[in-house]
Amino acid sequence: MSPQEPPSDLQEIVEEIHAALAPSFGAGTVADYIPQLAHVDPKRFGLAVATLDGAVHAAGDAAEPFSIQSISKAFLLTLALGRLGESLWTHVGREPSGSAFNSIVQLEAEHGRPRNPFINAGAIVVTDLVLAGHSPREAIGEILRFVRFLADDDTIAIDAEVARSELATGDRNYALAHFMRSFGRLEHEVDKVLGVYFHHCAIAMSCRQMARAGLFLAGGGRSPITGHSVVSPARARRINAVMLTCGHYDASGDFAYRVGLPGKSGVGGGILAIAPGHASIAVWSPGLDANGNSLLGARALEMLARRTGWSVFGA
Ligand code: GLN
């Protein structure tokens, strides 16, 4: 995909969005069901836009690492598709669930096969697949190395406190995993699968690092930073399609309507959004809306999409 000229005033746009939202910093509710996440300052806000020419335009706390939580599911899906190819889809669907990210409600009627890889149940199944042939420690290492490779940054690390905190309070995810295992959907023991799952959710990245890591999805599978072809152009399009339809759980339709770009959110308050052919965007604001998506993060992306004209639905 040939890079499109970014708007010449992109840095100004990013700074204006930061300034326009500043009076609202702290809006929304910080996730506290993972106790360690509740320690973050709710007024933090970072925005970084990485364009296909390799530049990064940023404002606010864009260099401060935060817990990526479910955004890891987008990187995990990429890794798993590389391993299994299209046969991945025999284990997990690719339909929006219309249910909360941690819902168990569809699993019984659908014989333990999760709707998509971005709800917790689906990501737990994908984690089980990535675990095949590895010890949990090796699998965690492989996922972390993959994210470091994507961002071309070996300083990216896992916040062990966050992983421990989620392990100690992860009853809901244990319930999902045991239920799926009862349907024969998980090959490995629940403890092992969730140990890996909690650790990839606990990867900490800054907006700058995340925007760079997502750039291959904007560049037709190739990262202009590393020059490496990460996935084929067709696979990049498909990952973007799943992000658009499922990346914000039961608010995916609303995000598509308002922002018009594929996006993946996490309860740490981050969102990774992709403007194919243009840019990879990371935003962080810890306060969440009722669906568990960053309240100001979505607002910032809405403003950015309007100002740049970036949309997957036409000009
Ligand atoms: N680790 C979190 C959980 O499993 C991820 C959820 C999220 O970011 N939506 O609950």
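**Exercise 1.** Classify Gly 227 in this predicted model: buried, partly exposed or exposed?

*Solution.* 
Step 1. Take the relative accessibility of Gly 227, which is 39%.
Step 2. Recall the cut-offs: buried means under 20%, exposed means over 50%, and partly exposed lies in between.
Step 3. Gly 227 therefore counts as partly exposed, because its relative accessibility is 39%.

**Exercise 2.** Describe the site of the ligand: which cavity holds it, and what classes of residue form its shell?

*Solution.* 
Step 1. Locate the ligand: it sits in the second largest cavity.
Step 2. List the surrounding residues, among them Tyr 33, Phe 101, Asn 120, Tyr 197 and Val 267.
Step 3. Sort the shell by class: six residues are nonpolar, five are polar and one is charged.

**Exercise 3.** Find side-chain N or O atoms that lie within 3.5 Å of a ligand N or O atom. Then state how much of the ligand the protein buries.

*Solution.* 
Step 1. Start with ligand nitrogen: one such atom is 2.6 Å from a side-chain N or O atom of Gln 69.
Step 2. Turn to ligand oxygen: the side chain of Ser 70 places an N or O atom 2.7 Å from one.
Step 3. Check Glu 166: its side chain has an N or O atom 2.8 Å from a ligand nitrogen.
Step 4. Taken alone, the ligand exposes 300 Å², and the protein buries 99% of that.

Note on methods. Residues are numbered from 1 along each chain as its sequence is written. This is a predicted model: local features need pLDDT of at least 70, side-chain atom pairs count only at pLDDT 80 or more; totals for chains, interfaces and linings use all residues. Side-chain values use heavy atoms; hydrogens and water are left out. A residue is near a molecule or strand if one of its heavy atoms lies within 4 Å of it. A polar contact is a pair of N or O atoms within 3.5 Å; within protein, one must be able to donate a hydrogen and the other to accept it, and residues adjacent in sequence count only if both atoms are side-chain atoms. Accessible areas come from the Shrake-Rupley method with a 1.4 Å probe; for residues, only the protein chains shown count as cover. On a 1 Å grid over the protein atoms alone, a cavity is a set of points where a 1.4 Å probe fits but cannot get out, and a pocket is an open set with protein on both sides within 12 Å along at least five of seven lines; lining residues have an atom within 4 Å of a point. A molecule sits in a cavity or pocket if more than half of its atoms lie within 2 Å of its grid points. Ala, Val, Leu, Ile, Met, Phe, Trp, Tyr, Cys and Pro count as nonpolar, Asp, Glu, Lys and Arg as charged, and the others, Gly among them, as polar. Buried means under 20% relative accessible area, exposed over 50%, partly exposed in between (1.4 Å probe, protein chains only).
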